Amino acid sequence: MPQWLKDIGQWFAESFEGWGDAIIKSWPLIEMFLIGLLVLGVLVLIWKYIWPLVRDYRRAENFETEWVPEQDAARQLLDEADALAARGEYDEAAHLLLYRSIEDIQRNRPHLLRPSNTTREIGRFDALSQGARDTFAIMAGHVERSLFARHALDAAAWAESRDAYGRFAFRGNWT
């Protein structure tokens with residue numbers, strides 16, 4: 001063994017002499033510190049796995065008033081979508097209805113949506129009324145078929161999405 005390595009070993013032995021006794025004497029403190037770290041780690045894990053469940057439960061809470069879109073905004077949205085449909089752009093018109101409906105839900109139920117939510121998930125939210133879920137499911141089905149299956153919507157599919165939105169947004173005043 002080289003002398004320099006023996007010198008380093010000797011230096012460590014002299015420098016840390018008596019540490020064994022010190023560790024043995026302070027073991028109760030070290031033990032408490034380690035137990036505290038373990039408890040903290042368990043609490044962090046519980047929080048990580050329990051908090052999403054609590055958050056999702058809060059999202060499903062029932063709201064006192066049933067939400068419907070603002071009447072003027074709904075009429076303006078239908079006018080914009082009708083203009084697209086009049087040009088034969090049924091896919092874009094249905095997508096506009098769906099996209100603006102998601103924006104409206106976000107505006108009126110800000111804690112309900114997450115960026116990762118799909119249209120199918122949104123259509124199953126218990127926090128939305130059955131009428132809202134039904135309407136959303138119809139519009140989402142048409143838009144999914146248009147965007148993902150690449151099946152262009154026809155006038156009948158557009159009319160079904162439009163009528164579903166109108167029945168929901170205007171209730172008994174739909175014409």
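Visitor: What makes Glu89 partly exposed, rather than buried or exposed?
Guide: This is a predicted model. In it, Glu89 has a relative accessible area of 29%. Buried means under 20% and exposed means over 50%, so a value in between is called partly exposed. Glu89 is therefore partly exposed.

Visitor: Why is Arg87 called exposed?
Guide: Its relative accessibility is 55%. The cut-off for exposed is over 50%, so the label follows.

Visitor: How do you know that Glu89 forms a salt bridge with Arg87?
Guide: Look at the closest N and O atoms. They are 3.5 Å apart. The rule asks for an Arg or Lys side-chain nitrogen within 4 Å of a carboxyl oxygen of Asp or Glu, so this pair counts. Side chains of opposite charge can pair when their charged atoms come close.

Visitor: How many salt bridges does that rule give?
Guide: The count is 5.

Visitor: What makes Arg120 and Glu144 a salt bridge?
Guide: The N to O distance is 3.0 Å. The limit is 4 Å, so the pair passes. Arg120 sits in helix 6 (residues 119-122) and Glu144 in helix 7 (residues 130-147), so the bridge ties together parts 24 residues apart in sequence.

Visitor: Are these two partners buried or exposed?
Guide: Arg120 is exposed, at 55% relative accessibility. Glu144 is buried, with a relative accessible area of 17%. That value falls in the buried class because the cut-off is under 20%. Other buried residues of helix 7 include Phe136, Met139 and Val143. The buried residues of this helix pack against helix 5 (90-108), helix 6 and helix 8.

Visitor: How do you know that the length of helix 7 agrees with what a helix should span?
Guide: Helix 7 has 18 residues, and at 1.5 Å a residue they should span 26 Å. The end C-alpha atoms are 25 Å apart, which agrees.

Visitor: Why is the Arg162 and Asp82 pair called a salt bridge?
Guide: The closest N and O atoms are 2.5 Å apart. The limit is 4 Å, so the pair qualifies. Arg162 lies in helix 8 (residues 155-170) and Asp82 in helix 4 (residues 71-86), so parts 80 residues apart in sequence are tied together. Asp82 is partly exposed, at 23% relative accessibility.

Key
Residues numbered from 1 in each chain as written. Predicted model: local features only at pLDDT ≥ 70, side-chain atom pairs only at ≥ 80, totals over all residues. Heavy atoms only, no water. Helix = DSSP H or I, 4+ residues; strand = E, 2+ residues; numbered from the N terminus. Buried < 20%, exposed > 50% of the residue type's maximum accessible area, 1.4 Å probe, protein only. Expected span 1.5 Å × (residues − 1). Contact = heavy atoms within 4.5 Å.
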